[in-house]
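Let's take a walk through this model together, with the sequence and the coordinates side by side.

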Amino acid sequence: MSSDVLDRGLVLDAVRVTEAAAIASWAMVGRGDEKAADQAAVDAMRNALNDLDIDGEIVIGEGERDEAPMLYIGEKVGKGGPRVDIALDPLEGTTLTAKAMANALAVMAWAPAGTLLNAPDTYMDKIACGPGFKDGIIDLDKSPADNAKAMAAAKGVPVSEITVCVLDRPRHAEIIASLRDAGARVYLITDGDVAGVMNTADPSTGVDLYVGQGGAPEGVLACAALKCVGGQFQGRLVFRNNDERARAARIGITDLDKKYTLNEIVRADAIFAATGVTKGALLDGVRLEGGFVHTHSLVMNSSTRTVREVRMKRPV
């Protein structure tokens with residue numbers, strides 16, 4: 001598919017959409033209500049999308065139509081224009097927002113129609129690293145320890161200097177133990193595995209690898225980000241029951257054991273945008289100061305390999 005639709009205007013539009021969601025959800029920071037925070041972000045993001053000159057279809061969204069009243073998979077948004085697939089998470093880190101914790105983001109990606117993996121709302125086993133390494137440096141079928149050792153060898157450092165980001169979940173106990181037994185550092189995060197994957201591409205975070213099981217929709221968003229800055233990703237869908245297998249069948253996935261690479265998940269150039277809701281490792285959060293609202297965003301375009309840091313200030 002052509003990436004000609006990814007013009008400069010769409011880059012700027014993308015960040016406006018995530019800014020709107022971030023500002024709306026910021027009003028719920030620290031208020032202990034995850035659902036209200038998420039709903040505020042969803043409403044704002046949908047309104048922003050419907051105000052754009054695009055012919056968009058949600059391929060990664062808030063769930064299937066019977067589960068989500070808006071921004072559901074298959075929903076059409078926009079006033080008409082270039083046809084784009086849209087992957088979004090209006091509020092990645094609902095718990096983080098409700099508890100006023102770090103690293104909550106509003107995130108969105110788009111690509112030419114038909115080029116983003118329409119991943120079912122299941123789990124995905126994931127491994128990711130940043131740019132600058134030969135293809136195949138990471139392998140989902142190898143142990144976390146072996147991947148950490150391969151990264152250490154590629155960097156020419158002892159494995160004790162490798163840091164691996166892992167979601168702090170009971171299901172990851174063996175992964176964490178494997179990495180620590182190998183001598184690697186483990187950086188645990190409570191939520192937000194899109195940001196976790198993105199950390200591997202930002203040298204300032206000190207994160208070399210991301211390993212673990214998280215949401216498949218978040219895997220598509222993370223791949224869009226890595227597509228823009230370079231990096232490697234492998235993922236495999238995880239099905240816990242027949243209902244989840246049926247979801248995959250409904251959207252045309254027949255090989256349930258397939259190991260996906262980054263370029264199989266995002267098959268064309270993409271635009272990715274993220275705006276901080278609460279302050280984190282990558283982005284500052286929304287803040288109100290002197291009658292102005294301030295936001296901090298990243299917007300990336302894989303077709304030009306550009307990454308823009310955008311700070312917006314507007315009257316309340």
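Helices here are DSSP runs of H or I with at least four residues, strands are runs of E with at least two, and both are numbered from the N terminus. Before going further, please keep in mind that this is a predicted model, in which local features need pLDDT of at least 70 and side-chain atom pairs count only at pLDDT 80 or more, while totals for chains, interfaces and linings use all residues. Residues are numbered from 1 along each chain as its sequence is written, and side-chain values use heavy atoms, with hydrogens and water left out.

The volume of the largest cavity is about 50 Å³, and the structure holds two cavities of 30 Å³ or more. On a 1 Å grid over the protein atoms alone, a cavity is a set of points where a 1.4 Å probe fits but cannot get out; a pocket is an open set with protein on both sides within 12 Å along at least five of seven lines; and lining residues have an atom within 4 Å of a point. Grid points are joined across faces, edges and corners, and a volume is the space filled by probe spheres set on the points.

The largest pocket has a volume of about 700 Å³. Of the 26 residues that line the largest pocket, Asp89, Leu91, Thr94, Gly215 and Glu218 lie nearest its centre. Two or more lining residues come from each of β3 (83-92), α3 (94-98), β8 (209-215) and α7 (216-229). Strand β3 gives the most to this pocket, with four residues.

Let's turn to charge. Side chains of opposite charge can pair when their charged atoms come close. The structure holds 17 salt bridges, each being a side-chain nitrogen of Lys or Arg within 4 Å of a carboxyl oxygen of Asp or Glu. In one of them, Lys259 pairs with Asp139, with the closest N and O atoms 3.0 Å apart. This pair links distant parts of the chain, 120 residues apart: Lys259 is in the loop between α8 (242-250) and β10 (260-261), and Asp139 is in the loop between β5 (123-129) and α4 (144-155). Another salt bridge joins Asp141 and Arg236 (3.1 Å, N to O). Asp141 lies in the loop between β5 and α4 and Arg236 in strand β9 (residues 232-238), so this bridge ties together parts that are 95 residues apart in sequence. What links Asp139, Asp141, Arg236 and Lys259? A network of salt bridges links these four residues.

How exposed is Lys259? Its relative accessible area is 27%, so Lys259 counts as partly exposed (buried means under 20% relative accessible area, exposed over 50%, partly exposed in between, with a 1.4 Å probe and protein chains only). Lys258 is also partly exposed, at 26%, and forms a salt bridge with Glu264 (3.1 Å, N to O). Glu264 is partly exposed too, at 30%. The charged end of Lys258 also sits over the ring of Tyr260, 5.4 Å from its centre; this requires NZ of Lys or CZ of Arg within 6 Å of the ring centre and within 35 degrees of the ring normal. Lys313 lies over the face of Phe292, at 4.6 Å from the ring centre.

Let's finish with two single residues. Thr295 lies in strand β13 (residues 292-301) and is buried, with a relative accessible area of 3%. Beyond residues up to four places away in sequence, Thr295 touches Glu19, Ile23, Thr275, Val286, Val310, Arg311 and Met312, where contact means heavy atoms within 4.5 Å. Asp13, in helix α1 (residues 8-26), counts as buried at 16% relative accessibility. Leaving aside neighbours within four places in sequence, Asp13 is in contact with Leu52 and Trp110.
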